[in-house]
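Here is a quick walk through one protein chain, meant to be read with the model open beside you. Have a look at it first, then follow along.

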Amino acid sequence: MNQLKRLNTTTLIALLGITLIGLSCAKVVFTGRRQAKMIPSSQINDMSFQQYDEFLKKNKPIKSGNEYQMVLEVGRKIQKAAELYYRANGIEDKIAGFKWEYNVVKDDKMVNAFCMPGGKVVVYTGILPIAKDRDGLAVIMGHEVAHALANHGNERMSQQLGVSGAIGLADAVLSGGGSSSEKRRNRDIFLGAVGAGAQLGILLPFSRKHESEADEIGLYLMAIAGYDVDQAAPFWERMQSGGGQTPPEFMSTHPSPETRSQNLREWAPKAKELAKQYSLN
């Protein structure tokens, strides 16, 4: 009975700790979603800039040619779209620490691109044939820049810190009162359940939320930048067509292809309205 009470108490403590991860005064620009941010943005950016420099030392970027010029052009328009929106809404201080930079890495087998916190962007040449044109590239770069603007890296780190703290607290409570083999077994079973519950209930859903949110914000950015938002869903369909089998959506870090395409088409009208309101032209 005492062990059961301890388990119930610990369960409540752990769940409370995990629940607190999602509570914060911070809100994501464009979507208004509340998010946890336990780490100062300046600290995240400093770490990002150091890692970016290390990456470029190991992956020499190309600095000329049509591919580089296209990435630079689209990247700068996406940047200007973000700056215009933030300035118009009086929140330009939120990106004051960004040090925008765009690089292209020659690797035709790497179908990828990323934007690190603080605006450091890399596009691999392997994704450009799938992009096909500037509209497709704007989908990619808008999505990746959106991750940085929405502070998804900070939020993920904050989630990990929160989950680790809750599990550590549960371990400390369950370890009290002796170390018999039965108590250790109960502790291991419970901590395994908490860990799996956090993975499926918090971390993976937030990964999908981040991807969907980046799709949405990226669509708004490319619209303001003057690109065709109706090309977003077809681009992701091209990306998915070469991906082979995918896991069930609830076990995946990305939305299903069907969900992604449906969302993009539903967000397109709002994106077009934002383009009229905040057009760069």
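At 21% relative accessibility, Asn 151 counts as partly exposed; that label covers the range between buried (under 20% relative accessible area) and exposed (over 50%), worked out with a 1.4 Å probe on protein chains only. You'll find Asn 151 in the loop between α5 (134-149) and α6 (152-174). Although Asn 151 is not a glycine, its phi is positive, at about 55 degrees. Most residues other than glycine have a negative phi. Phe 30 is another non-glycine residue with a positive phi, this one near 85 degrees. Phe 30 sits in the loop between α1 (2-21) and α2 (41-58), and at 11% relative accessibility it counts as buried.

A word on what you're looking at: this is a predicted model, in which local features need pLDDT of at least 70, side-chain atom pairs count only at pLDDT 80 or more, and totals for chains, interfaces and linings use all residues. Residues are numbered from 1 along each chain as its sequence is written, and side-chain values use heavy atoms, with hydrogens and water left out.

Now the overall layout. The protein has 9 helices and 4 strands, where helices are DSSP runs of H or I with at least four residues, strands are runs of E with at least two, and both are numbered from the N terminus. Read along the sequence, the pattern is α-α-β-α-β-β-β-α-α-α-α-α-α. Of the 281 residues, 46% count as buried. Take the contacts (heavy atoms within 4.5 Å) between residues at least 6 apart in sequence: 75% of them join residues at least 24 apart.

What about the inside? The largest nonpolar core has 59 residues, and Val 123, Leu 137 and Leu 149 touch the most other members. A nonpolar core here is a set of buried Ala, Val, Leu, Ile, Met, Phe, Trp, Tyr and Cys residues joined through side-chain atoms within 4.5 Å. Helix α3 (residues 66-88) supplies the largest share of this core, 11 residues. Leaving out residues up to four places away in sequence, Leu 137 touches Met 70, Val 71, Val 74, Val 123, Leu 128 and Ala 131. In soluble globular proteins, nonpolar side chains tend to be buried together.

Next, how do the helices pack?

| Helix pair | Axes come within | Crossing angle |
|---|---|---|
| α3 and α5 | 9 Å | roughly 50 degrees |
| α5 and α8 | 9 Å | roughly 85 degrees |
| α8 and α9 | 9 Å | roughly 170 degrees |

For orientation words, angles under 35 degrees count as roughly parallel, over 145 as roughly antiparallel, 65 to 115 as roughly perpendicular and the rest as oblique.

α3 and α5 are therefore oblique to each other, and α3 passes α5 in a right-handed crossing, meaning the near helix is turned clockwise from the far one by less than a right angle. On the α3 side the contact includes Met 70, Val 71 and Val 74, and on the α5 side it includes Leu 137, Val 145 and Leu 149. By class, this contact has 11 nonpolar, 2 polar and 2 charged residues. For these classes, Ala, Val, Leu, Ile, Met, Phe, Trp, Tyr, Cys and Pro are nonpolar, Asp, Glu, Lys and Arg are charged, and the others, Gly among them, are polar.

α5 is roughly perpendicular to α8. Gly 136, Val 139, Ile 140 and His 143 in α5 meet Ala 232, Phe 235 and Trp 236 in α8, which gives 5 nonpolar, 2 polar and no charged residues.

α8 is roughly antiparallel to α9, again with a right-handed crossing. Ala 232, Ala 233, Trp 236, Glu 237 and Gln 240 of α8 meet Pro 257, Arg 260, Ser 261, Leu 264 and Arg 265 of α9. This contact divides into 5 nonpolar, 2 polar and 3 charged residues.

Finally, is Pro 117 buried or partly exposed? Pro 117 is partly exposed, with a relative accessible area of 25%, and is found in the loop between β3 (113-116) and β4 (120-124). Beyond residues up to four places away in sequence, Pro 117 touches Ile 44, Asn 45, Ser 48, Phe 49 and Ala 148.

Definitions and conventions. Axes fitted to C-alpha atoms, helices over the stretch in contact; angles between N-to-C directions.
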